[in-house]
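Biologist: I'm new to reading helices in a model. Can you walk me through one, step by step?

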Amino acid sequence: MSSAISGKKLVVAFLLADIVGLTAGYLLHSPLGTDPIMGAVYGLIAANVPVSLWMVLQNSR
């Protein structure tokens with residue numbers, strides 16, 4: 001069995017992370033003290049870090 005991540009899994013993981021991160025960042029912009037668009041950008045970055053680390057760990061096996 002190959003340990004490589006399939007393209008479909010990767011796209012779905014990043015798509016879900018983008019949606020959750022964008023929404024959470026936009027909704028939490030006030031407590032963070034930023035503009036709504038910057039909150040959304042921070043949310044995208046924060047959501048994609050775990051997915052990227054998961055991808056690196058899966059490919060290193």
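Biologist: Which helix is S52 found in?

Modeller: S52 is found in helix α3; helices here are DSSP runs of H or I with at least four residues, strands are E runs of at least two, and numbering goes from the N terminus. Keep in mind that this is a predicted model, where local features need pLDDT of at least 70 and side-chain atom pairs count only at pLDDT 80 or more, while totals for chains, interfaces and linings use all residues. Residues are numbered from 1 along each chain as its sequence is written, and side-chain values use heavy atoms, leaving out hydrogens and water.

Biologist: What is the relative accessible area of S52?

Modeller: Buried means under 20% relative accessible area, exposed over 50%, and partly exposed in between, using a 1.4 Å probe and protein chains only. S52 has 29%, so S52 is partly exposed. M38, also placed in α3, is partly exposed at 33%. Other buried residues of α3 include G39, A40 and G43.

Biologist: How many residues does α3 have, and where does α3 bend?

Modeller: The expected span of a helix is 1.5 Å times one less than its number of residues. Helix α3 covers residues 36-59, which is 24 residues, and reaches 35 Å from first to last C-alpha, close to the 34 Å expected. A bend is the angle between axes fitted to the seven residues ending at a residue and the seven starting there. In α3 that gives about 25° at N48, with a proline, P50, following within four residues.

Biologist: What covers the buried residues of α3?

Modeller: The cover includes α1 (7-27) and α2 (29-32), judged by contact, meaning heavy atoms within 4.5 Å. N48, for one, touches F14, A17 and D18, not counting residues up to four places away in sequence. N48 and G21 are 27 residues apart in sequence, yet 7.9 Å apart in space, C-alpha to C-alpha.

Biologist: How do the axes of α1 and α3 cross?

Modeller: Two packed helices are described by the angle and the distance between their axes. Axes are lines fitted to C-alpha atoms, for helices over the stretch in contact, with angles from 0 to 180 degrees between N-to-C directions. Here the axes of α1 and α3 come within 7 Å and cross at roughly 150°. That makes α1 roughly antiparallel to α3; the word applies over 145 degrees, with under 35 roughly parallel, 65 to 115 roughly perpendicular and the rest oblique.
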